[in-house]
Amino acid sequence: MIGVGPVAKLIEGAVYPKAYVLNRFIAKLIDLFIVVAADEVAPPVGFLSGLAYILIADGFAGGRSIGKRLVGLQTMRLDVRETAGFRESIIRNLPCGVAQLLFAVPYVGWIGSVAVLAFESVLIVGNEHGRRLGDEVARTQVLDAGQLAVPD
């Protein structure tokens, strides 16, 4: 953490521009295609590898999943103004991981999965900074890449 007390609050309270919502949905759609492809290629192991990908995807270099890298987004930690690591990625993507686990249960699980993803989507659109539940808990925000001068 950079600074203590008022300095840390000042950095954490900084307002970063909201990433384009359409770009966020396109990036997540690309990531979900990867998850579905993994599940279809190797069904028993693919489901778990897809779940692992969903959880750690934003921890790769530069806070970018494959989808975010292709679209030009990155995930930032608000408290230290650095890119997200694997810890933050797991925390912020936990709702998506829960949605995938629910999707394995026919009918009721499918409805639950859609409900979780719809709730997260509404937060992306409705939140002033585009922060969904996972972002609030992990203290992260998705930004358009290059808006902050941070290394990959």
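## Terms and model

Helices (H or I, at least four residues) and strands (E, at least two) are DSSP runs, numbered from the N terminus. The structure described here is a predicted model.

## Two arginines with positive phi

Most residues other than glycine have a negative phi. Arg-81 lies in the loop between strand 1 (73-77) and strand 2 (82-83), and its phi is positive, near 60°. With a relative accessibility of 43%, Arg-81 counts as partly exposed.

Arg-139 is not a glycine either, yet has a positive phi of about 60°. Its place is the loop between helix 8 and strand 3 (140-144). Arg-139 counts as partly exposed, at 37% relative accessibility.

## Packing of helix 3 and helix 6

Helix 3 (residues 43-56) packs against helix 6 (residues 94-103) at an angle of about 160°, and their axes are 8 Å apart. Angles over 145 degrees count as roughly antiparallel, and the two helices are therefore roughly antiparallel to each other. Their crossing is right-handed.

On the helix 3 side, the contact involves Phe-47, Gly-50, Leu-51, Ile-54 and Leu-55; these meet Leu-94, Cys-96, Gly-97, Gln-100 and Leu-101 of helix 6. By class, this contact has 7 nonpolar, 3 polar and no charged residues.

## Buried residues and the nonpolar core

In helix 6, the buried residues are Pro-95, Cys-96, Gly-97, Ala-99 and Gln-100. Their cover includes helix 2 (21-41), helix 3, helix 5 (86-92), helix 7 (108-126) and helix 8 (133-138).

Cys-96 also belongs to the largest nonpolar core, of 5 residues, together with Val-35, Tyr-53, Ile-54 and Ala-57. Neighbours within four places in sequence aside, Ile-54 contacts Leu-32, Val-35, Asn-93, Cys-96, Gly-97 and Gln-100.

Note on methods:
Residues numbered from 1 in each chain as written. Predicted model: local features only at pLDDT ≥ 70, side-chain atom pairs only at ≥ 80, totals over all residues. Heavy atoms only, no water. Axes fitted to C-alpha atoms, helices over the stretch in contact; angles between N-to-C directions. Parallel < 35°, antiparallel > 145°, perpendicular 65-115°, else oblique. Left-handed = near helix turned anticlockwise from the far one by under 90°. Contact = heavy atoms within 4.5 Å. Nonpolar A, V, L, I, M, F, W, Y, C, P; charged D, E, K, R; others polar. Core = buried A, V, L, I, M, F, W, Y, C linked by side-chain atoms within 4.5 Å. Buried < 20%, exposed > 50% of the residue type's maximum accessible area, 1.4 Å probe, protein only.
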